[in-house]
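Please look over the model shown here. The report that follows goes through the chain contact, the strands and a few single residues.

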Protein chains: 2
Amino acid sequence: MSDIPETHPRRASLLSRQKLVDAQAKGMLANSALIAHGRGEAFDYLLGEKTTSGARNAAQEVLARMSNAKNPVISVNGNTVALAIEQLLLLADKIGCPIEVNIYYRTPERMNALLNHIEEVRSHLGIDVLILGSNPDGEIPNLDGPRAKCCSAGILNADAILVPLEDGDRCEALINMGKEVFVVDLNPLSRTARMATICIVDEISRAVSVMLEMDCSAVKVNPDFDATSSRDAVLDEMLDALKRNQTEA
Amino acid sequence: MSDIPETHPRRASLLSRQKLVDAQAKGMLANSALIAHGRGEAFDYLLGEKTTSGARNAAQEVLARMSNAKNPVISVNGNTVALAIEQLLLLADKIGCPIEVNIYYRTPERMNALLNHIEEVRSHLGIDVLILGSNPDGEIPNLDGPRAKCCSAGILNADAILVPLEDGDRCEALINMGKEVFVVDLNPLSRTARMATICIVDEISRAVSVMLEMDCSAVKVNPDFDATSSRDAVLDEMLDALKRNQTEA
């Protein structure tokens with residue numbers, strides 16, 4: 001994969017795919033993680049693998065709200081770590097919030113693989129970001145099993161949580177705790193996308209890169225931000241892409 | 001996964017996913033096979049995980065042409081075997097054609113895992129179908145490396161080939177050999193879907209099940225079958241689904 005030409009039109013997508021395959025080999029991912037990534041790829045294909053203006057607006061609002069929150073936290077799972085941990089560490093540093101590893105299929109092996117990898121990247125970046133997840137001391141209400149576990153210094157007491165690539169059940173449980181829940185999901189119709197306070201419909205590493213380019217102090221919270229219109233704007237771009245391709249065929 | 005309730009609306013999709021994960025564990029799949037499956041899942045989601053009337057028409061035409069061909073063959077790769085080998089063995093028996101294992105990332109281990117699995121299913125079904133692929137003695141022109149290898153008793157001399165889930169390059173190479181190439185692809189916009197003589201835009205096990213319900217002697221070849229309109233009909237259904245969901249959101 002490393003011999004993908006610099007000019008390949010789908011280079012970023014192929015590199016992301018390789019990151020997932022590598023993370024799988026390191027034991028960082030659940031069995032179905034690659035399938036979930038593939039689903040995302042299909043929706044990204046419909047987006048032309050570009051950040052739309054609708055996604056950019058959503059990303060800006062999320063950055064403003066995370067920056068203004070009292071106890072913000074970024075929650076990451078295996079795919080998120082594989083695809084964008086470097087950018088997310090930089091974002092956590094910028095916002096001044098911890099990162100909590102919180103995975104659906106929690107095993108000690110996967111947690112260790114993820115925590116070690118994040119610590120390695122953090123140390124390489126030379127930044128101070130608190131990494132939570134190894135000693136969960138709280139539970140998300142109304143979820144059963146290991147996926148309910150979380151940290152009181154992170155998710156449990158957060159008022160705003162950026163949790164890219166979240167599943168619908170957990171997104172709903174977090175909303176029911178009264179938190180602002182910000183997700184990144186390439187499927188604008190998913191239950192997660194619909195449940196979230198705001199969904200950034202974009203590929204995770206692109207979405208976070210966009211936030212890294214913005215100035216935290218310059219972005220202002222818009223209390224009237226319309227999350228549904230925001231998703232619909234991206235869906236419109238997907239529909240246009242499908243129709244355009246149909247005409248060309 | 002085996003505890004998915006019988007009534008779960010997405011039961012078939014979740015069972016298919018489990019088949020892929022199991023096949024991965026048996027060494028039948030390439031690294032990126034699960035990602036490819038996930039991409040398919042996303043498009044199937046837009047189809048409502050149902051065979052459309054457009055797909056049914058395409059499947060009927062493919063069955064007619066395969067039944068009327070002089071040397072038809074069904075070519076299978078890892079994902080195809082994982083998802084639908086039982087149905088494809090029954091289809092090969094019905095048409096009276098061999099099945100050739102032909103994979104993009106060819107290694108002796110994967111070939112053996114696939115051939116053994118197919119032989120096991122064939123023997124369990126108690127039918128006679130010639131299984132080719134272990135001793136390739138031919139090459140598909142204009143393809144480089146191991147993915148060019150094929151059998152003279154199968155793909156090399158076939159006039160009609162049903163090759164579900166094919167990649168664009170090889171689809172093109174087979175078309176350039178003057179064959180009728182029939183694919184099954186959930187992405188109606190893919191290069192494979194556009195290159196093929198006919199693309200059935202449907203999930204592979206559903207598409208083959210539809211063909212198994214049809215009577216070979218009753219289906220007639222339509223020389224004027226319009227493959228582009230056929231794909232567009234399914235794309236229209238996807239667009240309608242997206243628009244409907246948008247309105248509901």
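Between which helices of chain B is the loop that holds D215(B)? D215(B) lies in the loop between α9 (204–213) and α10 of chain B.

## Basis of the report

This is a predicted model: local features need pLDDT of at least 70, side-chain atom pairs count only at pLDDT 80 or more, and totals for chains, interfaces and linings use all residues. Residues are numbered from 1 along each chain as its sequence is written, and chains are lettered from A and ligands numbered from 1 in the order in which they are written.

Helices (H or I, at least four residues) and strands (E, at least two) are DSSP runs, numbered from the N terminus.

D215(B) is exposed, with 9 other C-beta atoms within 10 Å. On this scale a residue is buried if 20 or more other C-beta atoms lie within 10 Å of its own, exposed if 12 or fewer, and partly exposed in between, with C-beta atoms placed from the backbone. D215(B) and G78(B) are 137 residues apart in sequence, and their C-alpha atoms are 28 Å apart in space.

In chain A, Y104(A) lies in the loop between β2 (99–101) and α5 (108–125). Y104(A) counts as partly exposed, with 17 C-beta neighbours inside 10 Å. Leaving aside residues up to four places away in sequence, Y104(A) touches A30(A), N77(A), R147(A) and D167(A); contact requires C-beta atoms, placed from the backbone, to lie within 7 Å. Q60(A) is 44 residues from Y104(A) in sequence and 28 Å from it in space, C-alpha to C-alpha.

## Relation of the two chains

Chain B is superposed on chain A by a rotation of 180° with 0.0 Å of shift along its axis, with an RMSD of 0.0 Å. That is the relation of a two-fold axis. The superposition is by least squares on the C-alpha atoms of residues with pLDDT of at least 70 in both copies.

The contact takes 26 residues from chain B and 26 residues from chain A. On the side of chain B that touches chain A, the elements giving two or more residues are α1 (11–25), α2 (33–46) and α10 (227–248). The same surface serves both copies, as 100% of the contact residues of chain B recur in chain A.

## Helix α2 of chain A

Helix α2 (residues 33–46) of chain A has 14 residues, which at 1.5 Å a residue should span 20 Å; its end C-alpha atoms are 21 Å apart, which agrees. The expected span is 1.5 Å times one less than the number of residues. In α2(A), 14 of the 14 residues are buried, so this helix is largely enclosed by the rest of the structure. G48(A) follows α2(A) and has a positive phi, near 70°.

## The strands

In chain A, six strands form an open sheet in the order β3-β2-β1-β6-β7-β8, with parallel pairing. Its edge strands are β3 (131–132) and β8 (198–200), each pairing on one side only. Two strands pair if DSSP finds at least two bridges between them. Strand β7 (residues 180–184) of chain A and β8(A) pair over three bridges, and F182(A) stands opposite I198(A) in β8(A).

In chain B, strand β7 (residues 180–184) is mostly covered, with four of its five residues buried. Strand β6 (residues 160–162) of chain B pairs with β7(B) in the parallel sense over three bridges, and L162(B) stands opposite F182(B). β7(B) also pairs in the parallel sense with strand β8 (residues 198–200) of chain B, over three bridges; there the bridge partner of V184(B) is I200(B).

Technical notes: Contact = placed C-beta atoms within 7 Å.
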